[in-house]
Structures are given as structure tokens and as C-alpha cells.
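Thanks, everyone; I would like to take a few minutes to go through one model with you, starting with a pair of helices and then turning to a sheet. Please have the sequence and the coordinates open as we go.

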Amino acid sequence: MDIIYTSCCGLDVHKRSIQACVRHLDKRGRAKEEVRTFGTMTQDILALSQWLSDREVIHVAMESTGVYWKPIYNILEGKFDLLLVNARHVKNVPGRKTDVKDCQWLAQLLQCGLLRGSFVPDKAQRELRELTRHRTQLTHEMSAVANRIHEVLEDANIKIGAVATDILGKSCRDMIQAMIEGEESSDQTAELARGKLRSKIPQLRLALEGNITEHHRFVLKQLMDQLNYLEGQIETFSQRIEEISRPFEEAIDAVVQLPGFKRHGAENVISEIGCKMDQFPSDGHLSAWAGMCPGNNKTGGKSKSGKTNKGSRWLRGSLIQAAWAASKKKGSYFQARYKRLAARRGKKRALVAVGHSPLVAIFHLIKEKNGYDELGSDFFDRLNSKRLVPYLVKRLGNLGYEVNLVPHENTA
């Protein structure tokens, strides 16, 4: 194999130690290796940096091991040409597995130019990504608490969820708070309904007749306090995200144009892919990286599983959530695409396919800086009009109708 770099280093990163192998060429052009072990404390990483500088290393490769690579990357960033690689792509020869062998293997692959780096965004985007992911986790925790509140109410035979769409709306929260404070009259509790829910007061009176005990009141109070705390945390994180996302504002505004996206969803997507598309040669590369397109697995001329890649679960979740909202948007291309695919492929596969469409649109919106052009719900009808018209005429004929087609004058 040809040698690309005369001096490079491979790092095998662990929780408490770093195995480093510097590989360089001697005067005769032969590869020489030097292996050392460093700790993971800040002073140890600085010593590693100095050791690499003394040996005139420019290129450094390390595996993306959990979160242990992050502090090392942060300290070495800017001093060396760093390459973060997927551990699955650099497996060593079976039967020769040690930490020293791993760092030597990384150094050898790097020196021969056989490593492909993962996408590591700049510091500003990494901070935004960490905040949006934390907010997403808090949202999941809040949903879990809401489910537990529903379970406690069901245990007390309070059927408020059978009448109200959202048991955590303003009206239902007031009712739950009244029950926590000791209100036992279902008539009085039902009168706390607001807005459209007041038209369902008779049903609410029946639903609020249960067997709520002191135990239920205690648990409900703790869960409601936890829910309020999580909502406050989400609001705090949202404010912080809005502050540091100003450099990404143009890209976020572009994403909000798409059906199914609001501010939070746009922030989540941009924090994952960034506001520049230079790292992705095409929309296909972006879709493959995100795990939103069919896998490519062919051998012997046969196509095997087309299952999507793992990709980024954070980006995938945001896109599928937006796809579900977009599938409800009347008159939109995304709704037409969802209905078209769900009928023959199922709802879950259809959502992944619909989630792929806005990702492609986002790539072009950011890269080309053009506005979003809605294709409309009749896009597929117009696309396949020459095949669709004879099909519909034939179906009407089978039903006993004689069809004469007269095109409108303004029809292209």
C-alpha cells in the first residue's frame, strides 16, 4: 500500500487511558512506530498534544468511542488535522485484539489514506446540537410523566381522558389540581372546564366520578410538580437555544417554510446537519448519512435487504415527526405522497419516505438559497396524467358508463 502521510498518529481512546501510536518514516523510508500510554485527565491530554508536536505529527485519527473522544477532540482541535472514524469501519484482524494493536492499526490505516472521517461540526454547532438533544430528552421525559398521570387517574376510575382530548390542557390541569386539593364533588370540578370543553360538562360530571384516595392525591401532586419542573426546563433550554442559534437563523427560517415544521423542529434539524452543505456532495449523501433512504445491499446480482441505515436517531426522529404533521397538511405534496405510499407500503414505511422528501428539500433550500415551491396535492396526478386518464376511463367503463372526454381550453 502506498504511504500518504510521512508522520501520523492513531489513538485508541478509553475512559481512563489513551493508547497513542506515532507512525513515521525513517531516513531509509521504512515505517517506524512509537507507542505510549496517556491518561485522560486534562494535563495528560496536554502532554499528549506536546508529545505529538515534538514528533512533528500533523494527522491524528481516533475512534468515535461513546463520549470519551469529545474532550480529546476539543483540546487537540486546531492543533492537528483530526479524523474521527467509525469503529465499525476499522476492525482489526480477528485474534489480534489489544489496545496497542488497535492504535497501531489505526495509525497504519491513516498513513495509507484508508480512513474515512465522520462528520464533526464546528464548536458552535456542537453546542447547539447538545442543547437541542437535551431538550428532546426532556420532552420525552415529560411525555413519560404525562402517561403516568393518566395511569393514576385511570387507577382512581377518573375517565377524564375519555372526554377531553388533552388531559394536560388548561381545563384538565385545573380539574386535577382541584382533586389534589381535596375537591370531591364532580359537579364542582366539571365547572372548571374552559372554552369548547364546557359543552361537554354533562359528560365530564360522569367522567369525574371516581374513587380517588389520599394515595392518588399524593402521587398526582408529585407528578404534576415534576411535569411543571420539566416544562420550566424545556422553556429555559428553548430560550438558550434561541440565543445561540442566531448564526443559523437564515437556515432555520428556510426550514420553517416546509409543511410540518415549526421553530423547534427546524432548530433540531439544523443543529444536526448545520447551515452549510459543503460536507455533503449531494442530497443523496445527506439522506444516506441521516438514515432516511433505502440501504444498498446487492451481491451476486441479487438485491437483498433494503433496510435503512441506522443514521442519526436525533435527526431521523425530528424528520419523521415533521413528516407526520406534514401528512395532515391539506393540499400539500407531502400529504399526497403519504397517502400514495401508505396504501401499499404501510404507514410506518410511508412516514420514513415522506421524511426523506423534506430532507432533500432542506438540502437545496440551504445550498441554493431559494424559496420553497409547493408542488401541490395533484402533483402525482399531473405527473402520470397520460397513464391515469385511460385507467379511470376503463374503470368507469367497467361500471357501465360511456365516457366522452372533452378537455378544457386552458388545459396544457
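This is a predicted model: local features need pLDDT of at least 70, side-chain atom pairs count only at pLDDT 80 or more; totals for chains, interfaces and linings use all residues.

Helix H11 covers residues 283-290 and helix H14 covers residues 347-368, and the two pack at an angle of about 130°, their axes lying 9 Å apart. Since angles over 145 degrees would count as roughly antiparallel and those from 65 to 115 as roughly perpendicular, H11 and H14 are therefore oblique to each other.

Which residues make the contact? On the H11 side they are Asp283, Leu286, Ser287 and Ala290, while H14 contributes His356, Leu359, Val360, Phe363 and His364. Sorted by class, the contact of H11 with H14 has five nonpolar residues, three polar ones and one charged.

Let me move on to the sheet. Five strands form an open sheet, and reading across it the order is S3-S2-S1-S4-S5, with mixed pairing. The edges are strand S3, residues 31-39, and strand S5, residues 81-85, each of which pairs on one side only. If direction is ignored, neighbouring strands of this sheet are turned by 20° against each other on average.

Within that order, I would draw your attention to one pairing in particular. Strand S2, residues 17-25, runs antiparallel to S3, and nine bridges join the two. As a place to look in your viewer, take Val22, which stands opposite Glu34 in S3.

Note on methods. Residues are numbered from 1 along each chain as its sequence is written. Side-chain values use heavy atoms; hydrogens and water are left out. Axes are lines fitted to C-alpha atoms, for helices over the stretch in contact, and angles run from 0 to 180 degrees between N-to-C directions. Helices (H or I, at least four residues) and strands (E, at least two) are DSSP runs, numbered from the N terminus. Angles under 35 degrees count as roughly parallel, over 145 as roughly antiparallel, 65 to 115 as roughly perpendicular and the rest as oblique. Contact means heavy atoms within 4.5 Å. Ala, Val, Leu, Ile, Met, Phe, Trp, Tyr, Cys and Pro count as nonpolar, Asp, Glu, Lys and Arg as charged, and the others, Gly among them, as polar. Two strands pair if DSSP finds at least two bridges between them.
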